[in-house]
Amino acid sequence: MKVNAKPDHKLLPKAAPKVTARGDAKGKKVNKAWLHDHINDPYVKQARKEGYRARAAFKLKEMDETLGLIKPGYCVVDLGSTPGAWSQYVRRKLSPTGAAVGALNGRIIGLDLLPMEPIEGVVFIQGDFREPEVLEKLEQALLAEQGPVKVDLVISDMAPNLSGIESADAARIAHLVELAVEFAQTRMKPDGALVVKLFHGSGYDDLVKLFQASFKVVKRMKPKASRPTSSETFLVGRGLKNVTER
Ligand SMILES: C[S@@+](CC[C@H](N)C(=O)[O-])C[C@H]1O[C@@H](n2cnc3c(N)ncnc32)[C@H](O)[C@@H]1O
């Protein structure tokens with residue numbers, strides 16, 4: 001794929017870990033180490049060079065290049081899309097020339113709790129995916145003259161704010177994944193695919209089982225751009241086992 005190297009957004013460093021309330025030496029040390037790692041991270045540098053808003057673009061890129069997830073003409077829903085790197089990647093992939101602007105062969109809808117700077121050709125909905133009225137907005141965005149458009153690919157990088165209380169965090173993560181599966185079952189084409197981010201730890205095995213019960217093929221992915229020290233991981237489900245018509 002040809003990639004338009006012209007940056008359309010300045011890659012901003014993510015918020016560094018907070019210095020402890022006391023602003024003590026340990027907190028400052030952690031902060032400094034994090035900044036050092038961030039600045040020297042090859043994916044951060046590459047994202048800046050290619051005009052991506054976040055290094056996360058390379059996680060989706062690797063999964064797409066391995067599994068062939070995104071094809072011309074596809075309708076893609078990007079859940080937890082802000083700041084927009086995944087949508088940028090999909091947008092370029094659906095462009096006949098790989099460009100960040102101009103012709104787009106397909107449809108992209110991004111959704112996030114937080115605002116997102118516009119990306120040409122990407123429809124954005126701001127809201128909480130757990131709220132029925134936000135889901136309603138998403139369904140409205142999928143309406144075309146001939147009726148509701150079925151989605152080819154749902155990608156979810158949604159991550160809840162973690163409290164540090166393992167059982168509560170596991171429940172929050174599971175809830176988002178379950179909602180994404182439910183959305184895929186009702187709004188996706190039978191041969192479509194769902195990509196979700198989740199975390200190793202309590203609840204992981206149950207979510208793998210949910211994927212196995214919902215999709216014909218399930219792949220576990222840990223792209224290179226996903227930090228090895230992070231428990232973050234991805235599941236890709238392809239081909240619905242049970243299609244729920246709505
Ligand atoms: C890791 S970021 C996504 C990065 C994005 N994939 C990219 O490439 O730029 C996770 C996003 O999930 C969003 N999020 C978390 N919970 C959500 C929810 N319930 N509804 C919608 N968005 C949510 C957060 O606001 C955050 O922007």
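The model is predicted, so local features need pLDDT of at least 70 and side-chain atom pairs count only at pLDDT 80 or more, while totals for chains, interfaces and linings use all residues. Residues are numbered from 1 along each chain as its sequence is written.

**The sheet**
- Seven strands make an open, mixed sheet, running β3-β2-β1-β6-β7-β9-β8; strands are DSSP E runs of at least two residues, helices H or I runs of at least four, both numbered from the N terminus.
- Its edges are β3 (122-126) and β8 (215-221), each pairing on one side only; pairing takes at least two DSSP bridges between two strands.
- β2 (residues 107-112) pairs with β3 in the parallel sense over five bridges, and L111 stands opposite I125 in β3.

**Helices α3 and α4**
- The axes of α3 (residues 57-67) and α4 (residues 85-93) come within 8 Å and cross at roughly 45°; axes are lines fitted to C-alpha atoms, for helices over the stretch in contact, with angles from 0 to 180 degrees between N-to-C directions.
- On the α3 side, the contact is made by A57, L60, K61 and D64; contact means C-beta atoms, placed from the backbone, within 7 Å.

**Around Y43**
- Y43 sits in helix α2 (residues 42-50).
- Y43 is partly exposed, with 19 other C-beta atoms within 10 Å (20 or more would be buried, 12 or fewer exposed).
- Leaving aside neighbours within four places in sequence, Y43 is in contact with R55, F58 and A225.

Conventions
Two residues are in contact if their C-beta atoms, placed from the backbone, lie within 7 Å.
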